[in-house]
Amino acid sequence: MTLLEVENLSVTYSPRDSAAVRAVDKVDFGIEEGEFVGLLGESGCGKSTLGHAILRLLEKPAAITGGSITFDGRDITHLDEDELRPLRWADLSTVFQSSMNSLNPVITVREQFADTFAAHPEAAGDRPDVDARAGELLEMVSLGRDVLRRYPHELSGGMKQRVALALALALRPRFVLLDEPTTGLDVVVQRDILDRLRELQRKLGFAVLFISHDLGTVMEMADRVMVMYAGEIVEDQPAGDMIESQLHPYSAGLLGSYADPRDEVVQVAFVPGRPPDLSREHAGCLFEPRCPVSVDACRTEHPELLPAGRGQARCLLVEQSPDDGALLRDVAPTDRLGGVFSADSEPRARGAADTEPVMVVDGVGKTYRTKRGVRTTTTRAVDDVSFALRPGRVSALVGQSGSGKTTIARLITGVERPSSGTIRFKDTRVDTLRRRAMRRYRRHVQLVFQDPFSALNPTRTIAYALGRPLRNHLGMTGEQARQRAAELLETVGLSPAEQYLDKLPGQLSGGQRQRVVIARALAPQPEVIVADEPISMLDVSIRAEIVELLDRLVRERGIAMLYITHDLLSARLLADEVMVLNQGVMVEHGPTLEVIGQARDAYTRRLLAAIPRPGRSRESWPDEPPNEAERVPAGS
Amino acid sequence: MTTPSSTSMTAPAPTGAGDTEGVRVAAIAAGRSNRLPGWFVILWRNGKCRFGLWMLLAFVLVAVFAPVIAPYGPRVDDFGLSEGPTGAHWLGTTARGEDVFSQIVYGARTSLLVGTVAGVLSTIVATAVGLTAGYLQGTVDEVLSFFINLGLVVPVLPLMITLAAYSPVKGLGLIIAVITVTGWAFGARIKRAQIITLRTRDYVTAAKFAGDGTARIIAYEIAPNMMSLIVVGFMGSALGAIGAEAGLAFLGLGDPATTSWGTMLNQASMGGAMTTGQWAWLVAPGIVLALLITAFTLINFGVDALSNPHLRED
């Protein structure tokens, strides 16, 4: 029978000083007992709002404005808090998006379990044996029983996430909502946790609604996939069918973001543009402005969610074609996509491998000393690393969290000094620069940050952010700087620039902000750019766009780039050579295809295995130890 | 098959930035013209705070238009001594023959002046010390933190009384100086804590890479992000300053030449207002002082929302 039935559900945000936004619009779906359903969509399409509505966790200014939610035959749309309490966690539980912060920091893991049991005597029994049951739950998520005695700060991010998952399952709920449960974790750790989750779900038989923007992962995990766009469900299909043929052009665009980095020719696609403004009425199909296959009718007629294939789709083209979306199926996949970025096995037409390097890193090491009382511990963050950066070429630096990637970026940019070895920029020794010389040096070496949300000052306009380096490093006047800032925005694809100059960062989307961050790095005309995981915080669907932009800039401007990442697909697309770092030591180094194609290092292989490949079974690496490479912070 | 069409009037961007952008931009542009500062909008939204702001506005108007509102000058003593409330003198006259109502009206000037000036001064000192200590850290921080801690542990009331009593000059300037010296430390401590979390933000690093110097980074990158905290600090010190002025004046440590509610209370109690049945002389300054402090307290409900987004009513 249907466990969760959502009918015609609408959620509206009504902030005080702006127009109401209908974040979820007449959504209709059901989840069967024990079913694993994926909910996909890019940031801001309403998927988290829908999840919160189902759990009845919406807070002002958001409210359910129509429709109903029925759980196990009981209408929970208008239950008050007291009536909801026995249901929550016992029947409906969740793993929060920021589960890092969902554990109480002042009590041990055991007490968190004890609290959960005590709050639900009807589900857990009057005097549950906390140690036995919590221990069992922890073992279920591959953690040792000794974790029970630990405090949350003594656990790594991945371990906290496992504890949160074990807590969610503590009362044997029948429905678990997972809202991007692995965001912010190392990719390999993510993969381990998700694999474990899928196994548990099969074993225990709870139903799951899995919310994610990562289509590849969802397709691998879920039985059925729903795609959400601009507050509406646009496609609902069994996962297997969806891999074969996507009914809606948007799903096709999302699926285009995946490829195997070991292939001879790697091609990824993206959906240009942004979701529509939901505070206004739209006449036609909401996806029409971004749709590569739209027809005239799409502009005026709003499509309904109608049966197609073995699922449902909301698209006029699917509706009109007699044979369930055959019209779409005839179009070649890449034609259906807005933008395509590809890399083949040929060497790239940019800087040659033997040009004079602009930056030479020679035998560099960095040791951190931490004093704790009388004891001094030394940590070797980077050990004897050597490489060179050449104009017009991209070197990718790959490694897991804590492998020393970011330390190398800090050494190159002069934020820190190496303990041994030399770093040379042209004829300058970077490691011995004094303050004033350092400021001059930074004109030549610029940084692209990982998090576009903290890299721009929220109180300063885009024109100001771009104007500062121009005025400081190039000595421009205010008017010249503004003009150049506009040119820079056009360069990074934010056009017309006049629209963006006087905006504050809060008015831009994540992808647009990252473009501004890149424009700011370009402003002083640097020879070297260090990009520290520039796409890891962005939606999967727009990552290829940023990679394409970086590639074009390197090619056109002859910039030498150090690209730090743990995403091998983007490294394959962008980089000429790949360096793999493990615990501060460089373990692999060579041309991209060689390193990725014939990965020798264990970590490189695990990274490869972690890349989702919808439709293909993932290879496992039998020579791998199954445990994740997580370290408990020292001093626990 | 058609190509993606544009819904906006502007040309679509070559690589990406979507067609839906144009309309949004227009909406934002319309909303941005004649915009009040964000912190004021948040204060105004809170019902209690809005009431407090109206009350404060009333006091400000009374202070500004005192010569128009008050029937006599505050120091004019041509009236009968120690009269009770009459039609000519609504709140009676003092033991020296001055009109109490006129003194109340002029007293608003003193209270608001002390509140504003001492509030601004201690906010400036607190911000300068707190930001410098927090941003530079190291030895500078150690030294400045020592003075902040000193300011926090020294008992304020005895220090104020001592300073005011033994100072060779009397006057409003002295009162303001005393209040500033004793009131800046708490704000400095809070601002120092805040800048320590802000100084490691990526945009501060980005400003360094853009070639900005330390002073510019503090003033242009960090300070705007602390605006709500600075406003909170100002409201707190202004309220404290008004109370402190009244307290010092009541204890007889104020400037006898200025008319303030504190000195009125002092004179009323010295002049035996209760024994002569002049309740209005004693009660009126107390009530207006309480009303002004109530106004600030109500505004503080909104100020709380400034520093803690969870308390915002939207």
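This is a predicted model: local features need pLDDT of at least 70, side-chain atom pairs count only at pLDDT 80 or more; totals for chains, interfaces and linings use all residues.

Trainee: What about Trp89(A): why does it count as buried, exposed or partly exposed?

Mentor: Trp89(A) has 19 C-beta neighbours inside 10 Å. Buried needs 20 or more and exposed needs 12 or fewer, so Trp89(A) counts as partly exposed. Its place is the loop between α2 (81-84) and β6 (92-95) of chain A.

Trainee: What makes the phi of Trp89(A) worth a remark?

Mentor: Most residues other than glycine have a negative phi. Trp89(A) is not a glycine, yet its phi is positive, about 70°.

Trainee: Which class does Gln583(A) fall into, and how do you know?

Mentor: Gln583(A) has 17 C-beta neighbours inside 10 Å. That value lies between the limits of 12 and 20, so Gln583(A) is partly exposed. Gln583(A) also has a positive phi, about 50°, without being a glycine. You'll find Gln583(A) in the loop between β23 (577-582) and β24 (585-591) of chain A.

Trainee: Let's go to the core. Which residues touch the most other members of the largest nonpolar core?

Mentor: Phe210(A), Ala396(A), Val398(A) and Tyr563(A), out of 247 residues in that core. The largest share, 14 residues, comes from helix α12 (residues 227-250) of chain B.

Trainee: What does Val398(A) touch, leaving out residues up to four places away in sequence?

Mentor: Its contacts include Thr565(A), His566(A), Leu568(A), Val580(A) and Leu607(A). To be called a contact, two C-beta atoms must lie within 7 Å.

Trainee: Which residues of α10 in chain B are buried?

Mentor: In helix α10 (residues 202-209) of chain B they are Tyr203(B), Ala206(B), Ala207(B), Lys208(B) and Phe209(B). Those buried residues pack against β20 (445-448), α15 (462-474) and α18 (510-522) of chain A, along with α11 (214-222) of chain B. After α10(B) comes Gly211(B), with a positive phi near 90°.

Trainee: What is chain B built from?

Mentor: Chain B has 14 helices and 0 strands, and 41% of its 314 residues are buried. UniProt, in an unreviewed entry, lists residues 108-300 of chain B as "domain: ABC transmembrane type-1". That span is 80% helix and 0% strand, and its end C-alpha atoms lie 20 Å apart.

Trainee: How does chain A come out on secondary structure?

Mentor: Chain A has 22 helices and 24 strands, with 49% of its 636 residues buried. Of its contacts between residues at least 6 apart in sequence, 69% join residues at least 24 apart.

Trainee: Which domains does chain A have?

Mentor: The assignment gives domain 1 (2-243), domain 2 (245-343) and domain 3 (393-411 + 440-610). The C-alpha centres of domain 1 and domain 3 of chain A are 34 Å apart, and their contact takes 9 residues from domain 1 and 10 residues from domain 3. On the domain 1 side, helix α7 (residues 187-204) of chain A gives the most, with 3 residues. That side divides into 3 nonpolar, 2 polar and 4 charged residues.

Trainee: Where does the predictor's confidence stay under 50 in chain A?

Mentor: Among such places are residues 329-338, with 23 contacts beyond four places in sequence, and residues 618-636, with 26. Chain A averages a pLDDT of 83, and 90% of the residues score at least 70.

Notes
Residues are numbered from 1 along each chain as its sequence is written. Chains are lettered from A and ligands numbered from 1 in the order in which they are written. Domain bounds come from an automatic or database domain assignment. Helices (H or I, at least four residues) and strands (E, at least two) are DSSP runs, numbered from the N terminus. Ala, Val, Leu, Ile, Met, Phe, Trp, Tyr, Cys and Pro count as nonpolar, Asp, Glu, Lys and Arg as charged, and the others, Gly among them, as polar. UniProt positions are given in the numbering used here, feature names are shortened, and annotations may be inferred rather than shown by experiment. pLDDT is the predictor's confidence in each residue, from 0 to 100. A nonpolar core is a set of buried Ala, Val, Leu, Ile, Met, Phe, Trp, Tyr and Cys residues joined through C-beta atoms within 7 Å.
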